[in-house]
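Biologist: Please show me the model, and then let us go through its side chains one question at a time.

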Amino acid sequence: MRINRAIRKLRWFGFLLALFSVIILTTFKVNYLQSFGWFLSVMSCAIWTFDSYRSKSMPRFYMEIMYLIFGIWGIINWL
């Protein structure tokens, strides 16, 4: 029961990170803010990757891995 509550809070945290990353990525055009937005996106994606692996949802896991790789490329691209 306690683990499920912690996982639920982690999911909400991942959602909030994704929301903030989208706001940053669509609002600012400064290089370091774009990199920070991509960083938040990667952190959110890492949380969702962990959750999809834990729940054994392999199609979602592969999709999140792909997005994680592209997010890392986004960070490197804006540095």
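Modeller: This is a predicted model. In it, the side chains of arginine 11 and aspartate 51 meet in a salt bridge, with N and O 3.1 Å apart.

Biologist: Which helices hold arginine 11 and aspartate 51, and how many residues apart in sequence are the parts that the pair ties together?

Modeller: A salt bridge needs a side-chain nitrogen of Lys or Arg within 4 Å of a carboxyl oxygen of Asp or Glu, and the 3.1 Å of this pair meets that rule. Arginine 11 lies in helix H1 and aspartate 51 in helix H2, so the bridge ties together parts that are separated in sequence by 40 residues.

Biologist: Is aspartate 51 buried or exposed?

Modeller: Buried means under 20% relative accessible area. Aspartate 51 has 3% relative accessibility, so the residue counts as buried.

Biologist: Which residues are joined with aspartate 51 into one network of salt bridges?

Modeller: Aspartate 51 also forms a salt bridge with arginine 54, at 3.5 Å from N to O; these two residues both lie in helix H2, three residues apart, about one turn of the helix. Arginine 60 is a further partner of aspartate 51, with the closest N and O atoms 2.8 Å apart. Arginine 54 is partly exposed at 36% relative accessible area, and arginine 60 is partly exposed at 27%. Shared partners join the bridges into one network, and the residues joined with Asp51 are Arg11, Arg54 and Arg60.

Biologist: How are the rings of tryptophan 12 and phenylalanine 15 arranged?

Modeller: The whole structure has four aromatic pairs. In the pair of tryptophan 12 and phenylalanine 15, the ring centres are 5.8 Å apart and the planes are at 90°. Planes over 60 degrees apart count as edge-to-face, so this pair is edge-to-face.

Biologist: Why are tryptophan 12 and phenylalanine 15 separated by about one helical turn?

Modeller: Both residues lie in helix H1. They are three residues apart there, so their separation is about one helical turn.

Biologist: What accessible area does the nonpolar patch with Trp12 and Phe15 have together?

Modeller: Tryptophan 12 is exposed, with a relative accessible area of 55%, while phenylalanine 15 is partly exposed at 42%. Phenylalanine 20, in helix H1, is also in the patch and is partly exposed at 46%. With Leu16, Leu19 and Ile23, these residues form a nonpolar patch on the surface, and the accessible area together is about 610 Å².

Biologist: Which residues does phenylalanine 28 touch, not counting residues up to four places away in sequence?

Modeller: Phenylalanine 28 is in the loop between H1 and H2 and is partly exposed, with a relative accessible area of 36%. Its C-alpha atom is separated by 27 Å from that of leucine 10, 18 residues apart along the chain. Leaving out residues up to four places away, phenylalanine 28 touches Leu33 and Gln34.

Biologist: What phi does lysine 56 have?

Modeller: Lysine 56 is in the loop between helix H2 (31-54) and helix H3 (58-78), and at 68% relative accessibility this residue counts as exposed. Most residues other than glycine have a negative phi. Lysine 56 is not a glycine, yet its phi is positive, about 60°.

Terms used
Residues are numbered from 1 along each chain as its sequence is written. This is a predicted model: local features need pLDDT of at least 70, side-chain atom pairs count only at pLDDT 80 or more; totals for chains, interfaces and linings use all residues. Side-chain values use heavy atoms; hydrogens and water are left out. Helices (H or I, at least four residues) and strands (E, at least two) are DSSP runs, numbered from the N terminus. Buried means under 20% relative accessible area, exposed over 50%, partly exposed in between (1.4 Å probe, protein chains only). Patches are made of residues with over 30% relative accessible area and no salt bridge: like charges are joined within 9 Å, nonpolar side chains (Val, Leu, Ile, Met, Phe, Trp, Tyr) within 5 Å. Accessible areas come from the Shrake-Rupley method with a 1.4 Å probe; for residues, only the protein chains shown count as cover. Rings of Phe, Tyr and Trp (its six-membered ring) pair if their centres lie within 6.5 Å; planes under 30 degrees apart count as stacked, over 60 as edge-to-face and the rest as tilted. Contact means heavy atoms within 4.5 Å.
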